[in-house]
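Subject: Structure handover

Hello,

Here is the structure you were waiting for. Please have it open while you read the notes under it.

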Amino acid sequence: NQALLPRGSSFADFASNLKKYLRKPTDLKLGERERDLLIIYYLINSLFVVDSSVVLKHQFNCQSPEFLADLKEAREKRTSKLIDALYDAVRLYIDQHPECLTMTVRSDGSINYKANRQHPDGKALIYLLRYEEDVRRVTLSPEIELSQSSAERALKGVIYLRNNCQFLRSEDGAAAFADYETIAQTCSLNGVPVYNYTVWL
């Protein structure tokens with residue numbers, strides 16, 4: 001962190017800082033494997049930087065037609081190229097380090113990946129490959145989110161509530177809890193007061 005993203009720097013400095021870091025004396029050791037993984041990490045984060053730049057340009061007004069048009073343009077021009085570079089880097093890494101995972105072709109022609117337990121990087125690479133089609137889909141529409149953060153945030157409150165209540169002791173109780181939370185989350189997403197809607201319902 002101190003070398004690649006020191007305090008006061010922006011993510012745009014990452015690539016140039018990495019080049020400087022690699023030219024420093026040998027006491028700062030960074031192997032080829034780590035360097036290539038950092039490049040993949042950089043490309044993943046660059047996808048979010050493109051979206052963030054449009055969000056900041058529109059001062060977090062992410063519902064206007066102008067915002068959606070700008071985001072669509074940015075994704076078509078910049079994000080699509082970054083995604084190509086990302087998956088090229090992933091496949092090149094696997095080609096250079098085949099020991100990190102094994103690939104088998106199923107009878108239907110699809111590829112099955114299995115990580116090597118001795119190489120934890122394999123699991124992360126399989127995750128990227130498994131969702132390649134979904135990642136590429138973000139360039140088709142500005143309304144597709146780049147991550148699952150909003151869904152995860154919606155579920156987090158439900159998980160905390162479930163852990164604090166400790167009352168789901170039957171299938172009926174679990175079904176009732178799920179029904180109520182579905183209504184509550186839908187109200188929250190649409191700006192409807194949960195209590196008032198529940199009373200009305």
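This is a predicted model: local features need pLDDT of at least 70, side-chain atom pairs count only at pLDDT 80 or more; totals for chains, interfaces and linings use all residues.

Helix 2 and helix 3

A pair of packed helices is described by two values, the angle between the axes and the distance between them. Here the pair is helix 2, residues 32-57, and helix 3, residues 65-96. Their axes come within 9 Å and cross at roughly 175°. An angle over 145° counts as roughly antiparallel, so helix 2 and helix 3 are roughly antiparallel to each other. The residues that make up this contact comprise 18 nonpolar, 4 polar and 8 charged ones.

Helix 3 on its own

Helix 3 has 32 residues, and at 1.5 Å a residue it should span 46 Å. The C-alpha atoms at its ends lie 44 Å apart, which agrees with that expectation. Helix 3 also has a kink of about 40°, and the kink is centred on Arg 75.

Glu 76 belongs to helix 3 as well. Its relative accessible area is 41%, so Glu 76 is partly exposed. The side chain of Glu 76 makes a polar contact of 2.5 Å with the side chain of Lys 72. Glu 76 can also be placed relative to Pro 142: the two are 66 residues apart in sequence, and their C-alpha atoms are 9.7 Å apart in space.

Another residue of helix 3 is Ser 80. At 22% relative accessibility, Ser 80 counts as partly exposed, because the cut-off for buried is under 20%. From Ser 80 to Cys 62 is 18 residues along the chain, and their C-alpha atoms are separated by 20 Å.

Most residues other than glycine have a negative phi. Gln 59 sits in the loop between helix 2 and helix 3, and Phe 60 is found in that loop too. Is Gln 59 buried or exposed? With 68% relative accessibility, Gln 59 counts as exposed. Phe 60 is likewise exposed, at a relative accessible area of 61%.

Glu 99 lies in the loop between helix 3 and strand 1, the latter being residues 101-105. Glu 99 is partly exposed, its relative accessible area being 34%. Along the chain, Glu 99 and Gln 118 are 19 residues apart, and 9.0 Å separates their C-alpha atoms.

Pro 120 is in the loop that runs between strand 2 (111-115) and helix 4 (121-130). Its relative accessibility is 66%, so Pro 120 counts as exposed.

To find your way around, you could start at the kink centred on Arg 75 and then look at the side-chain contact between Glu 76 and Lys 72. From there, the loop holding Gln 59 and Phe 60 can be taken next.

Regards

Technical notes:
Residues are numbered from 1 along each chain as its sequence is written. Side-chain values use heavy atoms; hydrogens and water are left out. Axes are lines fitted to C-alpha atoms, for helices over the stretch in contact, and angles run from 0 to 180 degrees between N-to-C directions. Helices (H or I, at least four residues) and strands (E, at least two) are DSSP runs, numbered from the N terminus. Angles under 35 degrees count as roughly parallel, over 145 as roughly antiparallel, 65 to 115 as roughly perpendicular and the rest as oblique. Ala, Val, Leu, Ile, Met, Phe, Trp, Tyr, Cys and Pro count as nonpolar, Asp, Glu, Lys and Arg as charged, and the others, Gly among them, as polar. The expected span of a helix is 1.5 Å times one less than its number of residues. The bend at a residue is the angle between axes fitted to the seven residues ending there and the seven starting there. Buried means under 20% relative accessible area, exposed over 50%, partly exposed in between (1.4 Å probe, protein chains only). A polar contact is a pair of N or O atoms within 3.5 Å; within protein, one must be able to donate a hydrogen and the other to accept it, and residues adjacent in sequence count only if both atoms are side-chain atoms.
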